[in-house]
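The following exercises are to be worked through with the sequence and the coordinates at hand. Each task is followed by a solution in steps.

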Amino acid sequence: MDDDIDFGYLFGLLLDNKWLIIGTALFALMLGVTYGRFATPIYKGDTLLQIEKKSGGVPGLSELNQIFEQEPSASAEIEILRSRMVLGDVIEQLKMNILISPDRAPYIGSFVAPDPAPVLLPRPLFAGYRDSETFVTVTSFTVPERLEGQPFTLREENGIPALFLGEDLVAMAPAGTPLESEDGAIQLVLNEWEPGDESLTLTKVTDVVAINRLRGALTIKEVGKTGMLSMEMTGPNKERIKTTLDAISEAYLLQNVERRSAEAENSLDFLGKQLPKIKDKLTAYEEKLNAYRLQSESVDLSMETQSVLQQSVAIEAKINELKAKEGEIATRFTKEHPVYQSLLRQKASLADQKKKLDSQIKELPETQQEILRLMRDVEVTQQIYVGLLNKTQELRILKAGTVGSVRIIDKALVQPSPIKPQKFLIAVIAAMLGAMGAAGIVFIRALLNKGIESPDKLEEQGVAVYATVPLSEKQAKASQLTNLKQRRARKGKEETSPISLLAQDDPNDLAIEALRSLRTSLHFAMMDANNKILMITGPSPSVGKSFISANLGAVLAKTGQRVLVVDADMRKGHLHRYFQMDNKVGLSAYLSGQNSKEDIIQSSAIDKLDFIARGKSPPNPSELLMHERFKTLMNSLIDEYDLILVDTPPILAVTDAAIIGQLAGSSLLVTRFGVNSVKEVDAALTRFAQNKVEIKGAILNCMERRATNEYGYYAYEYGNSSD
């Protein structure tokens with residue numbers, strides 16, 4: 001089996017169906033243009049934000065600022081922008097969770113709607129609606145959680161606004177007064193109220209739905225690795241896009257500043273709690289020192305004692321500083337980390353120095369020791385207190401100077417032209433899809449079509465192809481008339497209008513030229529036949545047997561041969577219409593014994609061409625053909641004519657052809673291009689073989705010139721053809 005793809009055949013299929021493909025592409029193009037014309041335009045707006053390194057921004061306070069410094073994370077900031085904290089605040093601020101629309105029938109409602117509001121009049125972007133008749137804006141709309149997402153109806157009743165849920169009245173109140181339900185769970189506050197003839201649908205959507213809708217329209221991405229965030233939004237309303245983007249930027253900036261201010265505020269709260277305790281402690285130490293001096297009547301210290309005091313105070317200050325640093329480092333590193341180990345070594349060194357000083361202090365007089373200890377407590381506590389006061393002032397300055405780590409570089413800007421629908425692109429894609437769809441249908445139809453389209457298919461079945469008869473316009477009309485006749489027959493009506501005999505009316509037609517070639521082939525093919533009877537049959541109805549029989553008879557008669565054409569299809573035969581003869585007397589009348597042989601033979605308008613019609617349709621045609629009278633008739637006619645053409649019913653429909661084939665010296669099988677399949681031909685040949693009827697060859701009728709057909713050269717017009 002050959003599995004190679006025949007690209008030439010596929011290309012030929014496209015050429016054969018080019019008008020179908022072009023027509024479908026043009027129709028799809030028209031649909032695409034129509035869609036682009038009436039589709040709602042979608043606009044895109046964008047804004048640009050910069051995420052800076054978090055810093056307090058207060059010169060000279062570098063030590064304190066380091067506490068708040070962090071490297072910004074673009075991914076984290078993007079998630080903050082998309083968070084419910086930011087978007088929920090925007091939705092609440094702009095009232096995006098309140099939807100108002102006119103109560104209209106879908107699709108057709110827009111055709112009877114009032115005109116849009118004039119351009120110069122303001123139009124509500126959120127929580128409102130306006131057209132040439134109606135103008136309503138909502139200040140607030142509160143409903144229970146179970147009614148969120150449920151549509152309410154707002155309309156005018158007796159000159160005042162009324163709110164309905166389904167058919168139930170919820171609240172009524174004069175304009176300017178809140179509409180409130182009896183239990184107070186539903187409350188509607190209107191700002192503007194200019195009702196028209198239409199009712200309005202009012203819906204309070206859930207926060208989740210509103211946030212998800214807003215997220216769906218947002219696109220946030222980092223511009224390279226610059227720390228810049230680009231925020232884009234799409235929608236049908238340019239002003240709404242701009243307002244929403246600016247609101248998101250402002251909400252994000254505000255939360256950023258508040259978050260950084262909160263860090264300083266937390267530190268201030270802590271220091272505010274510690275300062276009174278340190279101050280009380282300092283006061284207590286000072287009182288103890290003064291009391292001891294009065295008691296011991298000792299005021300001054302020696303130079304040596306003052307030196308020891310200063311050293312001790314300095315060491316205590318450093319130890320306290322290291323303790324503060326240790327608390328910060330412990331949150332970032334383990335004790336095994338080099339930074340932590342370095343701090344522990346510094347603490348150990350200071351502890352040793354303090355231990356040595358304590359040894360020196362013990363060698364001083366008892367009075368000096370006590371005074372030194374008390375003065376050391378006072379000065380260390382005083383240093384701590386002053387340091388906390390300084391930190392408090394620095395944090396207040398830091399809080400006041402907080403500007404946030406976010407900067408709005410570009411305010412929201414909406415592009416003047418819509419990003420979609422892209423009319424040209426839609427039109428091109430629609431045309432391409434239309435052409436591709438039509439091509440797909442062509443390929444599928446070709447795949448499903450098992451009809452014979454070349455003589456090779458017949459020859460593969462072991463049948464010699466005697467002729468390929470091209471389809472002519474007149475032949476096509478004759479086929480249409482035949483189909484009409486069959487339809488009328490099914491309705492109980494018989495078609496009686498004549499059919500053009502192509503060999504007589506247009507002898508130069510290519511189909512007649514093909515029959516002349518068949519005439520030549522038959523001359524040699526029937527030389528070894530046992531009689532002069534030629535049966536013309538077919539596998540199925542509507543293959544053109546009658547056309548071949550009538551015109552072949554005419555072509556043969558024009559060579560001077562005496563030819564008799566017999567319409568043996570006593571069921572639906574219509575050869576009499578080709579010869580414009582009477583069908584009342586024919587073969588059926590002879591076989592039933594009603595008429596003689598001389599009564600049923602009619603002379604045609606063509607010299608030496610006679611005809612036997614089928615006659616009236618009998619109830620038992622097969623039995624009549626099996627009668628001895630039919631064999632007697634055929635034998636008696638052999639001596640009178642040079643050739644007898646017998647047109648039979650299709651073999652796969654009835655058995656008449658198998659009966660007639662027993663008497664015929666030669667038999668030809670007519671198949672129709674693109675109609676009969678190889679299986680049908682094979683079944684017909686098997687049926688004849690079972691009845692010991694030899695099929696001499698085949699005729700491929702109604703051959704069409706196609707790009708897929710390698711036999712496109714089968715016939716050419718050349719001058720004026722003559723017999």
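Contact means heavy atoms within 4.5 Å. The model is a predicted one, in which local features need pLDDT of at least 70, side-chain atom pairs count only at pLDDT 80 or more, and totals for chains, interfaces and linings use all residues. Residues are numbered from 1 along each chain as its sequence is written, and side-chain values use heavy atoms, with hydrogens and water left out.

**Exercise 1. Describe the surroundings of Gln50.**

Step 1. Gln50 belongs to strand β1, residues 43-51. Helices (H or I, at least four residues) and strands (E, at least two) are DSSP runs, numbered from the N terminus.

Step 2. Leaving aside residues up to four places away in sequence, Gln50 touches Gly227, Met228, Ser405, Val406, Arg407 and Ile409.

Step 3. With one of these residues, Arg407, the side chain of Gln50 makes a side-chain polar contact at 2.6 Å. A polar contact is a pair of N or O atoms within 3.5 Å; within protein, one must be able to donate a hydrogen and the other to accept it, and residues adjacent in sequence count only if both atoms are side-chain atoms.

**Exercise 2. Determine how helix α2 is placed against helix α11.**

Step 1. The axes of α2 (residues 18-38) and α11 (residues 423-448) come within 7 Å and cross at roughly 150 degrees. Axes are lines fitted to C-alpha atoms, for helices over the stretch in contact, and angles run from 0 to 180 degrees between N-to-C directions.

Step 2. Helix α2 is therefore roughly antiparallel to α11. Angles under 35 degrees count as roughly parallel, over 145 as roughly antiparallel, 65 to 115 as roughly perpendicular and the rest as oblique.

Step 3. On the α2 side the contact includes Ala25, Ala28 and Gly32, and on the α11 side it includes Ala427, Gly434 and Ala438. By class, 15 nonpolar, four polar and two charged residues take part in the contact of α2 with α11. Here Ala, Val, Leu, Ile, Met, Phe, Trp, Tyr, Cys and Pro count as nonpolar, Asp, Glu, Lys and Arg as charged, and the others, Gly among them, as polar.

**Exercise 3. Give the strand order of the five-stranded open sheet.**

Step 1. The order is β2-β10-β5-β6-β7, with antiparallel pairing. Two strands pair if DSSP finds at least two bridges between them.

Step 2. At the edges are β2 (98-102) and β7 (168-172), each pairing on one side only. From one strand to the next, the twist averages 30 degrees.

Step 3. Strand β6 (residues 160-165) is joined to β7 by four bridges; Ala162 stands opposite Met172 in β7.
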